[in-house]
Amino acid sequence: MNIDFKKLADEFGTPLYIYDLEFLRKRYKELKNAFEGSKSLVCYAVKANSNLSIINTFAQEGSGADCVSIGEVKRALLAGIKPYKIIFSGVGKSDEEIKEALELKILMINVESEEELKRVEAVAKELAIEARISIRVNPNVDPKTHPYISTGLHENKFGVDIDMAKRLYIYAKNSEYLDPVGIHFHIGSQLTRLEPIAEAAQIIADLVRSLKAINVDIKFFDVGGGLGVVYDDEVLINTQEYANAIKSAIKGLDLTIVCEPGRFLTANGGYLLTKVLYEKKNGNKRFTIVDAAMNDLVRPSLYKAYHKIELVQPKEGELSPTDIVGPICESGDFLGKNVLMPKLESGDLLVVKSAGAYGFTMASNYNTRPRACEVACENGECRVIRKRETFDDLIAAERLYLKG
Ligand code: LLP
């Protein structure tokens with residue numbers, strides 16, 4: 001939909017996160033439809049954007065949820081995702097989290113190590129129930145993405161190797177308290193090449209076949225998330241080819257395909273709107289200081305990630321490169337470097353694009369900056385889905401330590 005950024009800035013102030021719900025629904029449908037002809041479950045990766053209204057939008061479409069903390073599980077449930085569509089993943093879960101997840105009767109707990117499998121078994125035994133689990137297998141393929149968001153190599157902390165996975169499945173099958181229903185892999189994020197995913201899917205499907213031969217009957221084939229999006233000029237994986245590669249890897253097996261997209265569903269449907277405070281020059285270097293900062297959107301600082309930044313109302317004037325920076329006391333506090341802009345003035349509005357994933361969820365209160373307001377738009381109407389934090393919100397949990 002067409003978003004009137006100026007109007008939103010006047011109404012809700014800046015910095016402001018804006019989400020286009022129509023776009024989110026369209027993306028969900030595109031992916032879900034690509035799996036047509038196979039049993040499939042799209043589990044939205046809540047970590048990408050965990051606002052209740054965003055999760056609820058996907059819940060309305062029939063989505064499940066991929067969660068990495070019990071907090072995310074509770075968010076998903078509160079937002080209307082059905083328990084039997086929720087997966088609980090992550091490299092380290094506390095006993096309390098495991099217990100709560102089992103009591104909430106979610107679809108499965110995704111286990112990432114032998115130690116964790118034993119913990120899940122012990123907790124299930126205490127509750128006298130059988131825990132549905134999947135095992136995250138590390139297929140040791142190079143996803144060809146940024147090293148910080150690459151996860152499918154043995155050098156990364158995630159999952160277990162194929163031999164260990166086999167041992168764990170046999171252990172789980174023989175346990176009274178474990179029901180190994182799924183298998184899982186996730187090789188990285190912002191993937192723009194299909195081959196590594198297809199290769200991983202083949203490797204894991206072969207593992208499913210060899211497990212079947214020893215009577216371990218897997219039902220859910222979870223291919224993780226990771227589908228890349230356009231930030232700049234990336235050439236993307238075709239969604240239908242992605243689905244086809246997975247379908248073809250599991251040919252002959254009776255499996256439900258599960259996928260866990262986060263960025264694919266939300267990134268390009270989100271914007272961070274910010275206002276220019278002023279410009280300055282240090283020698284020849286031009287800076288545009290804006291009211292959003294790394295505490296609002298950390299991706300440029302943390303990953304040197306590129307986000308397109310545009311002027312909301314085009315201006316006349318010669319273009320020259322400027323670093324768009326926030327007010328935080330860190331040299332790494334920038335949203336864009338060498339962005340071509342005409343001369344800007346206080347009050348000009350800039351929109352940072354592709355900010356719908358890992359934007360607000362990675363925001364912090366660094367420098368005692370309240371987190372931004374979030375609004376969602378659909379059918380020409382925009383509503384607040386998280387109000388701007390206040391100074392009182394920021395200090396609410398703090399107590400003065402006074403002696404005597
Ligand atoms: N499933 C698992 C097991 C994951 O670890 C992740 C992301 C996803 C699904 C969703 O991945 P997606 O479809 O969104 O690529 N903060 C980083 C991204 C970290 C991704 C962590 N895991 C960023 O801003 O690029």
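1. Let's start with the make-up of the shell around the ligand: its residues divide into 6 nonpolar, 7 polar and 6 charged. In this scheme Ala, Val, Leu, Ile, Met, Phe, Trp, Tyr, Cys and Pro count as nonpolar, Asp, Glu, Lys and Arg as charged, and the others, Gly among them, as polar. Please keep in mind that this is a predicted model, where local features need pLDDT of at least 70, side-chain atom pairs count only at pLDDT 80 or more, and totals for chains, interfaces and linings use all residues. Residues are numbered from 1 along each chain as its sequence is written, and side-chain values use heavy atoms, with hydrogens and water left out.

2. Who sits around the ligand? The ligand is surrounded by 19 residues, and the closest are Ser189, Glu260, Arg299, Tyr303 and Tyr358. A residue is near a molecule if one of its heavy atoms lies within 4 Å of it. Both domain 1 (5–16 + 268–387) and domain 2 (89–261) give at least three residues to this shell; the domain bounds come from an automatic or database domain assignment.

3. Three polar contacts (pairs of N or O atoms within 3.5 Å) are worth a look on your screen. The side chain of Ser189 has an N or O atom 2.3 Å from an oxygen atom of the ligand. For Arg299, a polar side-chain atom lies 2.6 Å from a ligand oxygen atom. Tyr303 places a polar side-chain atom 2.7 Å from a nitrogen atom of the ligand. Taken alone, the ligand exposes 590 Å², and the protein buries 91% of that; these areas come from the Shrake-Rupley method with a 1.4 Å probe.

4. The largest nonpolar core has 103 residues, and Ile133, Ile183, Phe221, Tyr242 and Leu350 have the most contacts inside it. Such a core is a set of buried Ala, Val, Leu, Ile, Met, Phe, Trp, Tyr and Cys residues joined through side-chain atoms within 4.5 Å. Helix H8 (residues 194–213) supplies the largest share of this core, 9 residues. Helices (H or I, at least four residues) and strands (E, at least two) are DSSP runs, numbered from the N terminus.

5. Ala76, in helix H4 (residues 70–78), is buried, with a relative accessible area of 0%. Ser364 lies in the loop between strand S15 (349–352) and strand S16 (373–378) and is partly exposed at 29% relative accessibility. Buried means under 20% relative accessible area, exposed over 50%, and partly exposed in between (1.4 Å probe, protein chains only).

Technical notes. Polar contact = N/O pair within 3.5 Å; in protein donor to acceptor, adjacent residues only side chain to side chain.
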